[in-house]
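Biologist: Can you show me the model? I have some things to ask about it.

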Amino acid sequence: MRKRKKADKIGLFVPKNTCQSGDMIIEGRIRLDGHFSGRLYTESSLEISEIGSFQGEAEVSVAEIAGKFKGNLKVREKFLLLKTGSFQGLLDTDITKIEEGYLIILNAACKE
């Protein structure tokens with residue numbers, strides 16, 4: 001029998017119609033239904049709902065974006081961009097999944 005991984009507790013929740021800002025290190029999942037601006041760090045996941053938005057810098061293990069993200073994002077495990085989501089900025093990740101029907105424009109800079 002496989003053991004199911006227990007879901008991390010929510011460490012930060014920004015509700016609908018709410019704005020929050022700052023530089024935060026969070027223990028647990030981050031869920032944005034409202035707007036957050038600033039810097040976030042967690043060993044867990046960042047979830048941005050369809051009505052949520054983020055502007056700034058974030059470093060997380062897993063990112064699932066259904067809303068808006070603008071800024072720099074470092075993802076240690078998996079990045080998922082849902083078709084309702086938008087991403088503008090710099091992304092540093094090894095594993096990326098983008099839902100079908102999404103138009104992607106990539107710009108890459110190389111050092112010689």
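This is a predicted model: local features need pLDDT of at least 70, side-chain atom pairs count only at pLDDT 80 or more; totals for chains, interfaces and linings use all residues.

Biologist: Fine. How many residues are in the largest nonpolar core?

Modeller: The largest nonpolar core has 19 residues. By nonpolar core I mean a set of buried Ala, Val, Leu, Ile, Met, Phe, Trp, Tyr and Cys residues joined through side-chain atoms within 4.5 Å. Leu-32, Leu-40, Leu-46, Phe-54, Phe-69 and Leu-73 have the most contacts inside that core.

Biologist: And which elements give two or more residues to this core?

Modeller: Strand 1 (10-14), strand 3 (29-32), strand 4 (35-42), strand 5 (45-48), strand 6 (53-65) and strand 7 (68-81). Strands here are DSSP runs (E, at least two residues), numbered from the N terminus.

Biologist: What about Ile-30, buried or exposed?

Modeller: Ile-30, in strand 3, is buried, with a relative accessible area of 0%. Buried means under 20% relative accessible area, exposed over 50%, and partly exposed in between (1.4 Å probe, protein chains only).

Biologist: What does Ile-30 touch?

Modeller: Leaving out residues up to four places away in sequence, Ile-30 touches Leu-12, Leu-40, Thr-42, Ser-45, Leu-46 and Glu-47. Contact is heavy atoms within 4.5 Å.

Biologist: Switching to charges. How many salt bridges does the structure hold?

Modeller: There are 6 salt bridges, each a side-chain nitrogen of Lys or Arg within 4 Å of a carboxyl oxygen of Asp or Glu. One of them joins the side chains of Glu-47 and Arg-29 (3.0 Å, N to O). That pair links strand 5 to strand 3, 18 residues apart.

Biologist: Which residues are linked with Glu-47 in a network of salt bridges?

Modeller: Arg-29, Arg-31 and Asp-33 are linked with Glu-47 in that network. The Arg-31 to Glu-47 bridge is 3.9 Å, N to O. Glu-47 counts as buried because its relative accessible area is 17%, while Arg-31 is partly exposed at 27%.

Biologist: Last one, where is Thr-93?

Modeller: Thr-93 sits in the loop between strand 8 and strand 9 (96-98). Thr-93 is buried at 17% relative accessibility. Apart from neighbours within four places in sequence, Thr-93 is in contact with Val-75 and Phe-79.

Key:
Residues are numbered from 1 along each chain as its sequence is written. Side-chain values use heavy atoms; hydrogens and water are left out. Helices (H or I, at least four residues) and strands (E, at least two) are DSSP runs, numbered from the N terminus.
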